[in-house]
Amino acid sequence: MNRRTFLSSGAVASVTAAGLRPRYIRAAQLASQHGEIYKKLGVRPFINAAGTYTILTGSIMPEAARRAMVEASRSFVRLEDLQKAVGERIAKLLGVESAMITSGGAGSILLATAACVTGTDPEKIRRIPNLDGMKDEVIVPREHRNGFDHAARTVGVKLVEVETSDDLHRAIGPKTAMLYFTNIFEPKGKIKRAEFVAAGKQAGIPVFNDAAAELPPASNLSSIVREGFDLVGFSGGKGIRGPQSSGLLLGRKDLIQAALLNNNPNEDAIGRPCKVGKEEMMGLLAALEEYVRRDQEADMRLWRGFMESVAKDLRGISTVTTEVYVPGPGAHPIPYLRVQWDENRLNLKYGDCAKQLRDGDPSIEINAGEQGLNLASYNLYAGEERIVGFRLRGLLRQAAKGA
Ligand SMILES: *Cc1c(COP(=O)(O)O)cnc(C)c1O
């Protein structure tokens, strides 16, 4: 698309006509060139200022991952050889005992649970989710229960909820197959991670940590295993920016071996529907190699700059306040922007504002709640922050005028 066709295209024409400063046009041009392939289908792409949600298609892959996927798509390899080689490369890269590629964070939960229930016993691997005579309990802190634990229940296990460390010790018994932690919910629960790990070690029961979206910092990729969690799962398509249908399972060699036996391409295995192709494997490896090498401080500065730019665009509008912040434990440590105003005085509800951004051109996704708007920096292309600030300023100024 050249500058002329770009300027006449709906998306940016409206923005530029309304006065986006010329030096931002190039940035806006780059930002809105994407997504033709979706538009042809009648599916509207959007600027993602909401975050790395799977339902919003996670994150955007770096060029290295895209190239790796295309190259991988050109030849045949034995899938098991590839899984093994990629796993070894990743284990070395991250300094963990063993690693494998899964179909995503949820795939990692399923395979971790299956591995802890069956070990490498081929008879058990064939029989699950019928667990007659097998260990069929997984212990989980009550506050960690979440929709993704369906992936554990798929294996046939019962989730036994506990609240305190005492509960945990009492609940552990001959039926316990696994202890199941969800990293982001630690602050909500009473049991701290070290106690949880220690309880597993003491009883000889593997401890799994679902850390699907716990990146950045990249150091989590190795530090959670080093803390003593026997298995740790990550989503490949969120923080790592790998293919959306990929994930990682890291940890103890014997358990990763058991997870591989429960996984595709084995046909009579519970993980067979969680297929991961050669393209995803090579794409995730490339994304990961780039991710661990990135200058994370520079990324943080860039993202903070995006949020500050939007905040600046909203200065001076009646009752509007902004705050750039990095949330503490229990949320993702990247820069966010909170935008609040007096909903009565401005006659614009937070939810309606989000809807107008979504329905407008280009479409913009943000989070809106009772406490205001929340914008995430992670998924913005450079330049898009200008469009977000401009559009938001327009809506808020309009609302202020009518007040
Ligand atoms: C996103 C997420 C998952 C699922 O990850 P996918 O890669 O989408 O399968 C599981 N657990 C948590 C805590 C998540 O945030």
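Predicted model: local features only at pLDDT ≥ 70, side-chain atom pairs only at ≥ 80, totals over all residues.
Domain 1 brings 16 residues to the contact, and domain 2 brings 14 residues.

The size of an interface is often given as the accessible area lost when the parts come together. Here, domain 1 and domain 2 bury about 1,200 Å² between them. Carbon and sulfur atoms give 49% of that area. Three residues stand out on the domain 1 side: Gln-296, His-332 and Tyr-378. Together they supply 38% of the area that domain 1 buries against domain 2, more than any other three residues.

## Helix H14 and its partners

Two packed helices are described by the angle between their axes and the distance between the axes. Helix H14 (residues 278–293) and helix H5 (residues 63–72) have axes that come within 8 Å. The axes cross at roughly 155°. The cut-off for roughly antiparallel is over 145 degrees, so H5 and H14 are roughly antiparallel to each other. Their crossing is right-handed. H5 contributes Ala-64, Ala-65, Ala-68, Met-69 and Ala-72 to the contact. From H14 come Lys-278, Glu-279, Glu-280, Met-282, Gly-283, Ala-286, Ala-287 and Glu-290. By class, this contact of H5 with H14 holds eight nonpolar, one polar and four charged residues.

Helix H6 (residues 79–94) also packs with H14, with axes within 10 Å and a crossing of roughly 10°. That angle makes H6 roughly parallel to H14. On the H6 side, the contact uses Leu-79, Leu-82, Gln-83, Val-86, Arg-89, Ile-90, Leu-93 and Leu-94. They meet Lys-278, Met-281, Met-282, Leu-285, Leu-288, Glu-289 and Val-292 in H14. The contact of H6 with H14 has 11 nonpolar, one polar and three charged residues.

## Helices H7 and H13

Helix H7 (residues 105–118) crosses helix H13 (residues 253–261) at roughly 105°. Their axes come within 8 Å. H7 and H13 are therefore roughly perpendicular to each other. Leu-111, Ala-115 and Cys-116 in H7 meet Leu-255, Ala-258 and Ala-259 in H13. By class, the contact of H7 with H13 has six nonpolar residues, no polar and no charged.

## Backbone exceptions

Most residues other than glycine have a negative phi, and most peptide bonds are trans. Two peptide bonds to proline are described here as cis. One joins Asn-264 and Pro-265, with omega about 5°. Pro-265 lies in the loop between H13 and H14. Another runs from Asp-361 to Pro-362, with omega near -5°. Pro-362 sits in the loop between helix H17 (350–359) and strand E11 (363–365).

Arg-241 has phi near 65°. Arg-241 belongs to the loop between strand E7 (231–235) and strand E8 (247–251). Thr-319 has phi near 65° as well. Thr-319 is in the loop between helix H15 (296–313) and strand E9 (321–325).

Conventions:
Residues numbered from 1 in each chain as written. Heavy atoms only, no water. Axes fitted to C-alpha atoms, helices over the stretch in contact; angles between N-to-C directions. Helix = DSSP H or I, 4+ residues; strand = E, 2+ residues; numbered from the N terminus. Parallel < 35°, antiparallel > 145°, perpendicular 65-115°, else oblique. Left-handed = near helix turned anticlockwise from the far one by under 90°. Contact = heavy atoms within 4.5 Å. Nonpolar A, V, L, I, M, F, W, Y, C, P; charged D, E, K, R; others polar. Buried area = accessible area lost by both parts, 1.4 Å probe.
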